[in-house]
Amino acid sequence: MVVLLPLLFLSFSWLTSALTYRGADISSLTVVENSGVRYSDNGQVQPFENILRTHGMNTARVRIWTAGQYNLQYGLALAKRVKAAGMTLVVDLHYSDTWADPGHQSIPSTWPNDLDGLNTQIYTYTQNVVQSFANQGTPIDILQVGNEINDGFLWPVGRISVNGFHPLSELLHSAINGAKSAGSPKILIHLANGWDYNGLNSWFSGVYVPGALSSGQVDIIGVSFYPFYDAGATLSALRSSLTNMANKFGKPLVVAETDWPVSCSGGHLTETSIPVSSGGQQTWTNDIKSVLTSLPNGLGQGIFYWEPGWVGSANLGSSCADNLLVNSNGSTRDSINIFSADM
């Protein structure tokens, strides 16, 4: 027993430190397949979601636009594949006809432009989305209400810098009530710049308004954390920020978007000691995992790698040429193992 106990401890130690959600956003999957790309792992062509599941991924995120390429029907079809692979389904509602992010949050073209009308619209829209996923047997596990909504959404009505927090708080309250009228997904609120505690603290200190959004309506806080866009986005800053968030707000936390390059000749990265390679991708995500597992009360719960298989858009909107976990032919890189059970 003197020999066996340490071995047993080593064999099962990952169970106490593995993240609840080991995930990725795979929204572009069908688009890539329709372009003719086929994914393969060790030379065997397989559906990408199965490859990811085999390598330990247990959560998939799917974005939904109110119109356009990533519409509801697109998301419903992809959800069937996610659930068939046995994964937790995260649905990311952009509440826009196109991309929503800190610089773009346009009201859908067919929606009203006043607060009362938008409260009704977002309630019924969110209710319909949740009901549609449930009706086809793929209920949403986690519903993300808005994408990187640091300055609110549904601009200009719900824009914080224009109208303060109250309209946004009402709109989020209405959206969540609509969701809960049709199902029981966990509710995730997602902001950019997870390393910036001052910004996160200011947002969550202001958004809870009597008669509108309450803290009890929010189950998970999600943040984006990228190494490209701001010199402040260091791992030490992320650790400090999320530790403070956990201590002050007491909510489970996930890094809802991140990636790392295998090729980056023209960009500046915030962690210069991490190599630009598939090995660097594994180091980066493992370092984020270390931040999350260090948070108090087990509140660090997940990582979602953003679009690891988007062949044809490998820069993923960054200044680095390639951030994927597959090569241009769809074959997996060694970094596909970031989702292993010890993530």
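This is a predicted model: local features need pLDDT of at least 70, side-chain atom pairs count only at pLDDT 80 or more; totals for chains, interfaces and linings use all residues.

Visitor: What does Arg81 count as, judged by its relative accessibility?
Guide: Buried means under 20% relative accessible area, exposed over 50% and partly exposed in between (1.4 Å probe, protein chains only). Arg81 has 22% relative accessibility, so it counts as partly exposed.

Visitor: How many salt bridges does the structure hold?
Guide: A salt bridge is a side-chain nitrogen of Lys or Arg within 4 Å of a carboxyl oxygen of Asp or Glu. The number in this structure is 10.

Visitor: Which residue meets Glu33 in a salt bridge?
Guide: The side chains of Glu33 and its partner Arg81 come to 2.8 Å, N to O. Glu33 lies in helix 2 (residues 29-34) and Arg81 in helix 4 (residues 72-84), so the bridge ties together parts that are 48 residues apart in sequence. Helices (H or I, at least four residues) and strands (E, at least two) are DSSP runs, numbered from the N terminus. With 17% relative accessibility, Glu33 counts as buried, and its partner is Arg81.

Visitor: How far apart are the closest N and O atoms of Glu49 and Arg81?
Guide: Glu49 forms a salt bridge with Arg81. This pair links helix 3 (residues 48-54), which holds Glu49, with helix 4, which holds Arg81, 32 residues apart. Glu49 is buried, with a relative accessible area of 6%. The closest N and O atoms of the pair are separated by 2.9 Å.

Visitor: Which residue meets Arg61 in a salt bridge?
Guide: The N to O distance in this bridge of Arg61 with Asp92 is 3.1 Å. Arg61 belongs to strand 4 (residues 59-64) and Asp92 to strand 5 (residues 88-93), so the bridge ties together parts that are 31 residues apart in sequence. Arg61 is buried, at a relative accessible area of 1%, and Asp92 counts as buried at 1% relative accessibility. A network of salt bridges links Asp25, Arg61, Arg63, Glu257, Glu307 and Asp92.

Visitor: What is the phi of Glu307?
Guide: Glu307 lies in the segment after strand 10 (300-306). Glu307 is buried, with a relative accessible area of 1%. Most residues other than glycine have a negative phi, and most peptide bonds are trans. Glu307, although not a glycine, has a positive phi of about 50 degrees.

Visitor: Where is Tyr95 placed?
Guide: Tyr95 is not a glycine, yet its phi is positive, about 50 degrees. Its relative accessible area of 0% makes Tyr95 buried. Its place is in the loop between strand 5 and helix 5.

Visitor: Is the peptide bond from Trp155 to Pro156 cis or trans?
Guide: Pro156 is found in the loop between strand 6 and helix 6. The omega of the bond from Trp155 to Pro156 is near 5 degrees, and the bond is cis.

Visitor: Which residues is Thr138 in contact with, leaving aside its neighbours within four places in sequence?
Guide: Thr138 lies in the loop between helix 5 and strand 6, and at 3% relative accessibility Thr138 counts as buried. Contact means heavy atoms within 4.5 Å. Apart from neighbours within four places in sequence, the residues in contact with Thr138 are Ala79, Lys80, Lys83, Leu89 and Phe133.

Visitor: How far does helix 7 (residues 165-180) reach from its first C-alpha to its last?
Guide: Among the buried residues of helix 7 are Pro167, Leu171 and Ile176. The buried residues of helix 7 pack against helix 5 (115-135), strand 6 (142-145), helix 6 (160-163), strand 7 (186-191) and helix 8 (197-206). The expected span of a helix is 1.5 Å times one less than its number of residues. Helix 7 has 16 residues, and its reach, close to the expected 22 Å, is 22 Å.

Technical notes:
Residues are numbered from 1 along each chain as its sequence is written. Side-chain values use heavy atoms; hydrogens and water are left out.
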